[in-house]
Amino acid sequence: MFSNDDFELLIQEIYSRYQYDFRLYSKSSLRRRLEQALIKFHCQNLKEIRMKVQTEKEFFPQLIAYLTVNTTEMFRDPGYFKSLRENVFPYLKTFPSLKIWIAGCSTGEEVISFSILLHEAGIKRFIIYATDINPMNLERAKKAIYDTEQVRKASSSYYEAGGTGSLADYYQAAYDSVQFNQDLLSNVVFSDHSLATDAVFSEMHLISCRNVLIYFEKPLQERVFKLFDESLVRDGFLGLGSKETLQFSSIKNKFEVRDRENKIYQKAWTP
Ligand SMILES: C[S@@+](CC[C@H](N)C(=O)[O-])C[C@H]1O[C@@H](n2cnc3c(N)ncnc32)[C@H](O)[C@@H]1O
């Protein structure tokens, strides 16, 4: 347990020293994760963590992994990917080229899933911008090396997502890990971008931001929804996670629900 003051001082220190803004993250889940960080870094209290942030340059990158939740998997919630394949890609295929933003891409499993899906839909001219605030996640994502057991489980999700081949066609196995074909990442730009502090960087046809907003308080969710609205072209699509919704946001009237169950929205045409 720790006091509110120590908690606020740490979050403020991180912001002023590194410009990582956790001030509007859900406090209860941040607190839970900081309790785990105390154990991991053998600290008695948050003052010690703050001291490490101030004095040890290499400490903060390790701490980020504890401040955020990185859980992800390939073809997570396969119904989402099936719906994209059936309801969204046929429409997007009519554009000469596509820009897709995967915001909060973690270690890249969602990126690989999208890349496979686009390949199977015959969409060749696209760029995926895959962004996250955790540099270690981005480095892992670029390597596209995953645990064999994890990929074995993803095979069934791939079929549920309407996969038309075999997931094994896309990787080479080596001991207890698999390496996905680098071709899958040739149209992917990985970049450090924070939904809490950074701005629009391009015009997108599809934004997928799943299982990120659940860790934000309402005002930060609102910031992100506005960012997505400003980033999407007319008729562009937005996909959220299973526990996330546009329903209570100020931009909800600018979007049509395309698939309620799978949280897929389309920016409505406004003259
Ligand atoms: C639970 S993972 C979700 C991964 C993937 N989208 C999925 O649904 O499987 C959440 C990711 O959001 C990232 N994240 C947290 N805060 C962020 C922010 N302000 N801007 C961008 N990414 C953020 C974390 O680093 C983490 O990789």
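## Contacts and overall shape

Two residues are in contact if their C-beta atoms, placed from the backbone, lie within 7 Å. Take the contacts in this protein between residues at least 6 apart in sequence: 76% of them join residues at least 24 apart. The model is predicted.

The protein has nine helices and ten strands. Its C-alpha trace spans about 55 × 55 × 30 Å along the principal axes. The radius of gyration is 19 Å. A compact globule of 271 residues would have a value near 18 Å, so the two agree. Of the 271 residues, 35% count as buried.

## Two domains

The protein divides into domain 1 (4-67) and domain 2 (78-267). Their centres, taken over C-alpha atoms, are 29 Å apart. Ten residues from domain 1 and twelve residues from domain 2 make up the contact.

On the domain 1 side, helix H4 (residues 59-67) gives the largest share, with three residues. That side of domain 1 divides into six nonpolar residues, three polar and one charged.

## Nonpolar cores

In soluble globular proteins, nonpolar side chains tend to be buried together. Here the largest nonpolar core holds 56 residues. The members that touch the most others are Ile-100, Ile-102, Val-111, Ile-128, Ala-130, Ile-207 and Leu-238. Helix H6 (residues 109-120) supplies the largest share of this core, six residues. A second, separate core has nine residues, among them Leu-10, Phe-22, Leu-63 and Leu-67.

## Around the ligand

The ligand is surrounded by 21 residues. The closest are Thr-72, Gly-104, Ser-106, Arg-210 and Asn-211. By type, the shell divides into six nonpolar, eleven polar and four charged residues.

Asn-211 is partly exposed, because 19 other C-beta atoms lie within 10 Å and the cut-off for buried is 20 or more.

## Positive phi angles

Most residues other than glycine have a negative phi. Asn-211 is not a glycine, yet its phi is positive, at about 60°. Tyr-175 is not a glycine either, and has a positive phi of about 55°.

Tyr-175 lies in the loop between strand E4 (171-174) and strand E5 (177-180). Is Tyr-175 buried or exposed? With 6 C-beta neighbours inside 10 Å, Tyr-175 counts as exposed. The cut-off for exposed is 12 or fewer.

## A buried strand residue

Leu-240 lies in strand E8 (residues 232-240). Leu-240 has 23 C-beta neighbours inside 10 Å, so this residue counts as buried.

Which residues does Leu-240 touch, not counting residues up to four places away in sequence? They are Cys-209, Arg-210, Leu-213, Thr-245 and Lys-263. One of these, Arg-210, is also among the closest residues to the ligand. Leu-240 and Glu-8 are 232 residues apart in sequence. In space, C-alpha to C-alpha, Leu-240 and Glu-8 are 29 Å apart.

Methods: Residues numbered from 1 in each chain as written. Predicted model: local features only at pLDDT ≥ 70, side-chain atom pairs only at ≥ 80, totals over all residues. Helix = DSSP H or I, 4+ residues; strand = E, 2+ residues; numbered from the N terminus. Rg over C-alpha atoms; globule rule 2.2 N^0.38 Å. Near = placed C-beta within 6 Å. Nonpolar A, V, L, I, M, F, W, Y, C, P; charged D, E, K, R; others polar. Core = buried A, V, L, I, M, F, W, Y, C linked by C-beta atoms within 7 Å. Domains from an automatic or database assignment.
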